[in-house]
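Hi,

Here is the structure I promised to pass on. Have a look at it first, and then read on for what turned up.

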Amino acid sequence: MQAVDTSLLERAREIGLERGIPLREALVAAGMVGDHDMISALGRQWDLPVMQTIGDLEVDPSVLDKLPVSYLRKYVMVPIKQQGDAMVVAVNDPGEQEAFFDIIRSLHLREMRRVLAPKQEILGAINRLVEMKDESAKDIMEDIEEEEDEFLRDLESIQDITAMETEAPIIRLVNRLMVQAFRERASDIHVEPYQSDVKIRFRVDGILHDVLSLPKRLHPAVVSRIKVMATLNIAEKRLPQDGRIGIKLGDHSVDLRISTVPTVNGERVVMRILDKSSVLLGLEELGFYPDDHATIERLVRQEHGIILVTGPTGSGKTTSLYSMLSRINSPDKNILTIEDPIEYQLKGIGQIPVNVKVGLSFASGLRSIVRQDPDVILVGEIRDLETAEIAIQAALTGHLVFSTLHTNDSSSAVTRLIDMGIEPFLVTSSVNAIVAQRLTRKICPVCRQQYFPESESLLEVGLSQEMLGRDGYLWRGAGCKECIGTGYKGRTGIYEILLMSDTIKSTILKTSDSNIIKKQAIAEGLHTLREDGARKVEEGLTTIEEVLRVTQQ
């Protein structure tokens with residue numbers, strides 16, 4: 001180690017007194033000497049081996065049952081490998097003898113060997129050991145609550161958690177929330193601050209569930225950690241922000257879309273989970289009955305026109321559209337998409353992300369796509385008149401166009417387009433079909449059981465005791481560990497497909513009333529969303545309550 005300036009040494013002493021840390025740590029904190037250089041010097045002084053980086057841990061994570069994580073962090077020590085009867089422990093301060101012998105006693109070992117390692121390497125190894133033990137976010141919260149009161153007080157005053165010396169528990173908590181959400185098949189993680197606490201909720205199969213309640217004082221640190229990961233502005237708490245985090249969970253590449261909004265109780269964060277390595281569902285796996293499946297197969301093979309998929313946010317519209325595109329994706333077709341965001345990456349298809357900041361909207365992107373000689377175009381969503389007009393012009397000039405609209409049912413989509421300002425004759429000449437859809441939760445296969453429904457509830461979905469046959473029973477889930485006590489696991493789609501027949505076209509030219517259009521479609525054989533749901537209730541795929549929940553007008 002090089003000689004240091006006296007004034008710098010004095011400054012390091014001041015830092016040591018302010019933070020209550022030893023002089024050697026203060027020298028590192030003041031930037032006068034690197035942690036690796038300090039460890040090398042201590043290794044020579046104490047005649048101990050040095051590990052500048054800690055690689056794979058070769059130790060059973062069950063050691064954490066006898067060694068509290070808070071204890072390891074406090075004394076900056078971690079067992080890293082077993083060598084015969086001896087355990088190798090990485091330490092940061094060789095002078096900390098008492099804690100070292102405590103570990104020997106706790107693990108009932110005859111021999112332990114010390115190696116010196118930088119503080120951040122040891123803290124990182126402790127985190128990995130915890131990951132190997134696979135604790136839940138709740139376990140981490142219990143661990144945090146065992147920490148000293150000073151640690152919790154520090155969290156309130158420090159905004160940038162990257163500057164915190166005791167940052168590991170918060171980093172682990174946020175990481176574990178992400179891992180836990182992914183394993184529980186959640187689509188979203190909500191961090192919701194209230195007056196006295198912070199609620200963590202997961203959306204699983206479309207329904208929000210409470211997962212954890214955090215003390216209010218942890219809220220700034222949790223939000224700051226998420227913002228650091230998403231490269232958002234930590235200091236800006238008054239304006240909404242959007243970002244993304246790319247993480248790897250085993251074999252899965254996962255994108256987290258982060259949205260923060262300021263509320264009266266602090267910043268609220270929602271993280272949308274997109275598994276980029278998830279397998280795209282085929283058309284036959286979406287829940288179409290054979291008659292509807294044959295209709296869709298015929299529609300996607302047409303040369304031109306618009307196929308609209310409608311439904312509220314989170315009803316599976318994008319998944320359906322991607323499955324349709326995959327069915328017709330071939331080397332002889334030029335398929336281009338404009339999306340916000342790109343949820344799946346499809347081979348052989350050109351995908352363009354909307355970027356409003358640089359002026360790339362659905363309308364401007366679609367205008368450029370048309371000049372790229374496409375055969376098939378996917379527009380993520382028709383949001384305005386300009387986008388609708390370009391999509392219709394593309395359909396009329398020999399392109400097959402797929403897109404989505406936010407409407408309750410298929411006939412309402414016609415009304416919506418006309419309300420936007422599209423002439424009825426353009427709607428009838430360009431739109432081939434409108435598919436309305438919802439996602440219903442499927443009954444858990446592990447805890448499903450028979451029950452006899454009441455006549456009133458059967459009537460609500462258009463069923464009767466006679467239709468159920470001689471036995472007259474239906475199925476529902478009792479709730480088990482596999483389905484987190486909900487009685488449901490996974491989802492399937494229910495659909496109604498409005499085809500543009502000659503009579504439907506003439507009805508649209510006379511009126512834009514969705515009720516009249518729907519009556520005409522039903523007379524021609526349209527299965528409504530509720531009727532399609534009723535078929536799935538009969539088959540034991542879902543429940544009456546689920547169908548009523550997603551089809552309420």
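Is the crossing of H20 and H21 left-handed or right-handed? The crossing is right-handed, meaning that the near helix is turned clockwise from the far one by less than a right angle.

Some background: this is a predicted model, where local features need pLDDT of at least 70, side-chain atom pairs count only at pLDDT 80 or more, and totals for chains, interfaces and linings use all residues. Residues are numbered from 1 along each chain as its sequence is written, and side-chain values use heavy atoms, with hydrogens and water left out.

Back to the pair. The axes (lines fitted to C-alpha atoms over the stretch in contact, with angles from 0 to 180 degrees between N-to-C directions) of H20, residues 529-538, and H21, residues 544-551, come within 9 Å and cross at roughly 165 degrees. The two helices are therefore roughly antiparallel to each other, a term for angles over 145 degrees. In their contact (heavy atoms within 4.5 Å), H20 supplies Leu529, Arg530, Gly533 and Val537, while H21 supplies Ile544, Val547, Leu548 and Thr551.

Helices here are DSSP runs of H or I with at least four residues, and strands are E runs of at least two, numbered from the N terminus. The chain has 21 helices and 18 strands. Of its 553 residues, 50% are buried, that is, under 20% relative accessible area with a 1.4 Å probe, protein chains only.

Helix H15 (residues 410-420) is mostly covered, with 8 of 11 residues buried, including Val414, Leu417 and Ile418. Gly421 follows H15 and has a positive phi, near 120 degrees.

Best wishes

Methods
Parallel < 35°, antiparallel > 145°, perpendicular 65-115°, else oblique.
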